[in-house]
Amino acid sequence: MEKQEKNTEICPPVDLSGEAGWTPFDAQSLVGASLRFVSGEPDGNRYRVRYYKDDAQRLRARIWFGPETEGPPGHAHGGAMAAVLDEVLGLAAWAAGHSIVTGNLNVSFRNLLPLEQVVTVESDVVSAQGRKVLVHGRICLGETVFAEAECLCITINDKS
């Protein structure tokens, strides 16, 4: 059996620009190094991510799924999509002022996501009651929805 070598070639630059009315959001300054899994390699072959807030102050992200996220041939793995939704929806709760961890993440996959395309992740903090914060989101490109998610976040005590 022949051993496959990992592709170490760096992919070309990717345009992660936001839309009109979006302002850049410095996610790292809010939560620090906890964003390493998805956002940790800004020029790598796995994910490339840039965060924004829209006019209504909802968190938005532009994400590129690189060749290292492949599942079905030529398409992103469902686990890669779920990891992105976990990070973005959790970060949306943090950006809204809630120190949280994910308690439950329900993802519904709608379409295969072709690799090496820039997509948008939309998020909306739906409710906050007691220690529970509910966030909805989706990965989309235009009218095409690749995945939708509901994230139940649980607030944590900030006793560092």
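1. The largest pocket has a lining of 14 residues, and S34, L35, D86, E87 and G90 lie nearest its centre. The model is a predicted one, in which local features need pLDDT of at least 70 and side-chain atom pairs count only at pLDDT 80 or more, while totals for chains, interfaces and linings use all residues. Residues are numbered from 1 along each chain as its sequence is written, and side-chain values use heavy atoms, without hydrogens or water.

2. A pocket is an open set of points on a 1 Å grid over the protein atoms alone, where a 1.4 Å probe fits, with protein on both sides within 12 Å along at least five of seven lines; lining residues have an atom within 4 Å of a point. The space in the largest pocket is about 290 Å³, a volume being the space filled by probe spheres set on the points, which are joined across faces, edges and corners.

3. At least two lining residues of this pocket come from each of α2 (36-39), α3 (78-95) and β4 (100-109); α3 gives the largest share, 6 residues. Helices (H or I, at least four residues) and strands (E, at least two) are DSSP runs numbered from the N terminus. By type, the lining holds 9 nonpolar, 3 polar and 2 charged residues. Here Ala, Val, Leu, Ile, Met, Phe, Trp, Tyr, Cys and Pro count as nonpolar, Asp, Glu, Lys and Arg as charged, and the others, Gly among them, as polar.

4. An open sheet is formed by 7 strands in the order β1-β2-β3-β5-β6-β7-β4, with antiparallel pairing. Because β1 and β4 are at the edges, each with a single partner strand, one side of each has no neighbour in the sheet. Two strands pair if DSSP finds at least two bridges between them.

5. Strands β2 and β3 (residues 59-65) pair over 7 bridges, and Y52 has R60 in β3 as its bridge partner. The two strands form a hairpin with 5 residues between them, and Q57 in the turn has a positive phi of about 70 degrees. In β2 (residues 47-53), 6 of 7 residues are buried, that is, under 20% relative accessible area with a 1.4 Å probe, protein chains only.

6. The largest nonpolar core has 35 residues, of which Y47, Y51, I63, F65, V84 and I139 touch the most other members. Such a core is a set of buried Ala, Val, Leu, Ile, Met, Phe, Trp, Tyr and Cys residues joined through side-chain atoms within 4.5 Å. The largest share of this core, 10 residues, belongs to α3.

Methods
Buried < 20%, exposed > 50% of the residue type's maximum accessible area, 1.4 Å probe, protein only.
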